[in-house]
Structure formats: structure tokens, C-alpha cells
Amino acid sequence: MQVTVENGRAVKVQGHPDHPPTHGALCTKVSRYTERTYHAERVLHPLKRVGPKGSGRFERVRWDDALGDIAARLSAIAGPNGASAEAIVIFRELAVHMGSLDPCFVESDEALARTAFRPAREGGIDFAALREHGWVKLDIAEAPFADGNFQTPGGKCRIDAPGYGVPDYVPNYESPTSSPALAARYPLAMISPPERNFLNSSFVNVKSLRGIEGEPVVEIADADARARGIATGQVVRIFNDRDNISCKAIVGARARPGVVNGLGIWWKKLSSDGRNVNELTHQGLTDIGRAPSFYDCLVEVEPAERATR
């Protein structure tokens, strides 16, 4: 972002034209930054209406009171709408159909919520107060562990999962140490985070967000790009033994040397070749939790015109 300052005051805000994800675009909120920041009627403190709607009568209130009131009102209107259902209801019904007998799927919402908190008598929070006000401020310092001070023998952070002990290092499925032969053929590690404006795949259906992101790309470090004759804007082929995809490359410092960022969440139909980064990731699961390990992926990248199929 570029900001023009005159006499200590911002007078103009604009996007940086060389920023790869935005190409100089700013959202409506940020583009009007100077107008809001210096507006004569800018609200500096929480205000609560004390007269009829439209009367313009407000009184200043504390932040704690304002947040509590907002939380209570949101809770009151958060019921299901029409034929929709809360996520927890959907999970429970799926569990029944899949034959799961785990007790968590029959516990009430409140019982599940209570398991996340220690009771007040043990230094936790008053759950009744949480239900009444919608939020509770913890009695802790702003950054309690900034200088260590963990309740461990050495005062350092110690990861000790109940029943597992301190975890050992587990190498990736695909890495130079665990699979050197594979790494010799596919020397780049690929991670596949979502595009900045795509929280999940449903966001891709929003035309304005697609317009900001443009098209699927892969980010690659300068040194890795030079070694492969790749330039920004060039169509490249990303491949491994599982499959291959094609997209444009963005060369720069956002990708670490040896790592490429294959920005994901894009629907296949929106890609030039009808594929996305999911074609390249494997189905292996993590050792604890049995979670997906799609950031564990080796690939190679080459200019599309040099590709041999």
C-alpha cells in the first residue's frame, strides 16, 4: 500500500501496483481511509442509543458494556433460518448415518461447550456468567508468556499431549531425508494455501473476489525461477508422479527458496487446464489425529513450452 503524507497527515491512500495478489486494488474500506480517519464526526468511543431510533441521542459507555450488549443481541438472533441447520446438527446426523458411537455426538451443545473450560474454582471462568453476558475477560496479563514463565521445570513451552508424552519429530512423507530418490526427481516442496480472498471454496463463487485474485498462480522464489528459466507471467507446468497442472508463475520473495506456493481453493472449471493443486497432493494422514497432510508434497516446475508428456 502507498500512502502520501503531507505535514504529518495522510492525504492519499492507494494500492501498490507491483503487489502480486492485488495489482494495486484496495477494498472499499481501506480506499476511504483518510476520509474516515480525519472525519469531524468520527466516533472515538463506544456510544449507546438512549432515545428513539433516529433521534441522535447517545451516551458514552464502557467497552466492556458495549461488547456484552452486542454479544447478547447476536446470541438472541442467531437461531436457524428456514430450512437451514447449525453445523453441529449436521455433524450429529452424519455421525448417526455413519454408525459412530462416540459420546460427543449425543452430548448437548452446553455440555460440549463446558468441556472447553476449567471451572472457576480451578482458576477458569464462571460458565454461568459467560452464558449471561456472552463473553468473559480472563484474569491474565496482556502477554503472559512473552518472556517464557511457563509452568514447566525450565520455564519454557513444553508440548505434552495427555497419553502421548512429548512428541518426537516425524519426517514428512516426501522430503530429502525421508524419500531422497523422490526428492532428486521432484526437488521443490509445494504448499497450497488458499488465495488471500478465498477463505474456503464457496468464496470462489463470489465474482468480485474472483476479480481481485484473477486466476490460479504458483509463486516461486527468484533463485528457483532463474534455475528453471521461469519469469513472472509465464505459463508453467507443475508436476509429480500423481499428475500435472498448468498455471502462470509469479516470481518473488513470497515463496521461500526450495518451496513453491500453489495457491489453492480454485474450482477446476476456472483453471486453464481444468485442474487444480489437489491433483498433486497425496492422501496420506498425519500420525496423530489422522488429519490430511496436503502440505507434504514434492513437485517440479518447468516452463510449459518445455514440458514433455
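Tutor: One cavity of 30 Å³ or more is present in the structure. A cavity here is a set of points, on a 1 Å grid over the protein atoms alone, where a 1.4 Å probe fits but cannot get out; its lining residues have an atom within 4 Å of a point. Grid points are joined across faces, edges and corners, and the volume is the space filled by probe spheres set on the points. The model is predicted, so local features need pLDDT of at least 70 and side-chain atom pairs count only at pLDDT 80 or more, whereas totals for chains, interfaces and linings use all residues. Residues are numbered from 1 along each chain as its sequence is written, and side-chain values use heavy atoms, with hydrogens and water left out.

The volume of the largest cavity is about 110 Å³. It is lined by 16 residues, and Pro216, Ile245, Leu263, Asn276 and Val277 are the closest to its centre. By class the lining has nine nonpolar, six polar and one charged residues. In this scheme Ala, Val, Leu, Ile, Met, Phe, Trp, Tyr, Cys and Pro count as nonpolar, Asp, Glu, Lys and Arg as charged, and the others, Gly among them, as polar. Strand β8 supplies the largest share of the lining, three residues. Strands (E, at least two residues) and helices (H or I, at least four) are DSSP runs numbered from the N terminus.

Next, the nonpolar packing. The largest nonpolar core has 17 residues, and Met190, Ile238, Val260 and Val299 have the most contacts inside it. Two or more residues each come from β5 (188-191), β6 (217-220), β7 (235-239), β8 (244-251) and β10 (298-303). Of these, β8 gives the most, with three residues. Another core lies apart from it and has five residues, among them Ala183, Tyr186, Phe239 and Leu298. A nonpolar core is a set of buried Ala, Val, Leu, Ile, Met, Phe, Trp, Tyr and Cys residues joined through side-chain atoms within 4.5 Å. Buried means under 20% relative accessible area, exposed over 50%, and partly exposed in between, with a 1.4 Å probe and protein chains only. In soluble globular proteins, nonpolar side chains tend to be buried together.

Contact means heavy atoms within 4.5 Å.

Glutamate 300 is in strand β10 and counts as buried because its relative accessibility is 16%. Arginine 228 lies in helix α9 (residues 222-228) and also counts as buried, because its relative accessibility is 14%. Their side chains make a polar contact of 2.7 Å. A polar contact is a pair of N or O atoms within 3.5 Å; within protein, one must be able to donate a hydrogen and the other to accept it, and residues adjacent in sequence count only if both atoms are side-chain atoms. Beyond its neighbours within four places in sequence, glutamate 300 is in contact with Arg185, Tyr186, Pro187, Leu188, Arg228, Arg237, Ile238 and Phe239. With neighbours left aside in that way, arginine 228 is in contact with Pro187, Leu188, Glu300, Val301, Pro303 and Arg306.

For contrast, consider some loop residues. Asparagine 7 is in the loop between β1 (2-6) and β2 (9-14), and its phi is near 55°, a positive value in a residue other than glycine. Its relative accessible area is 85%, so asparagine 7 is exposed. Asparagine 149 is in the loop between α6 (127-133) and α7 (180-185); its phi, near 65°, is positive too. At 54% relative accessibility, asparagine 149 counts as exposed.

Arginine 158 lies in the loop between α6 and α7 and is exposed, with a relative accessible area of 55%. Apart from neighbours within four places in sequence, arginine 158 is in contact with Thr152 and Val166. From arginine 158 to alanine 183 the separation is 25 residues in sequence and 32 Å in space, C-alpha to C-alpha.

Serine 55, in the loop between β3 (47-49) and β4 (58-60), counts as partly exposed at 36% relative accessibility. A polar atom of its side chain lies 2.7 Å from the backbone oxygen of proline 52.

Terms used:
1 Å grid on protein atoms, 1.4 Å probe; cavity = no way out; pocket = protein on both sides within 12 Å on 5 of 7 lines; lining within 4 Å.
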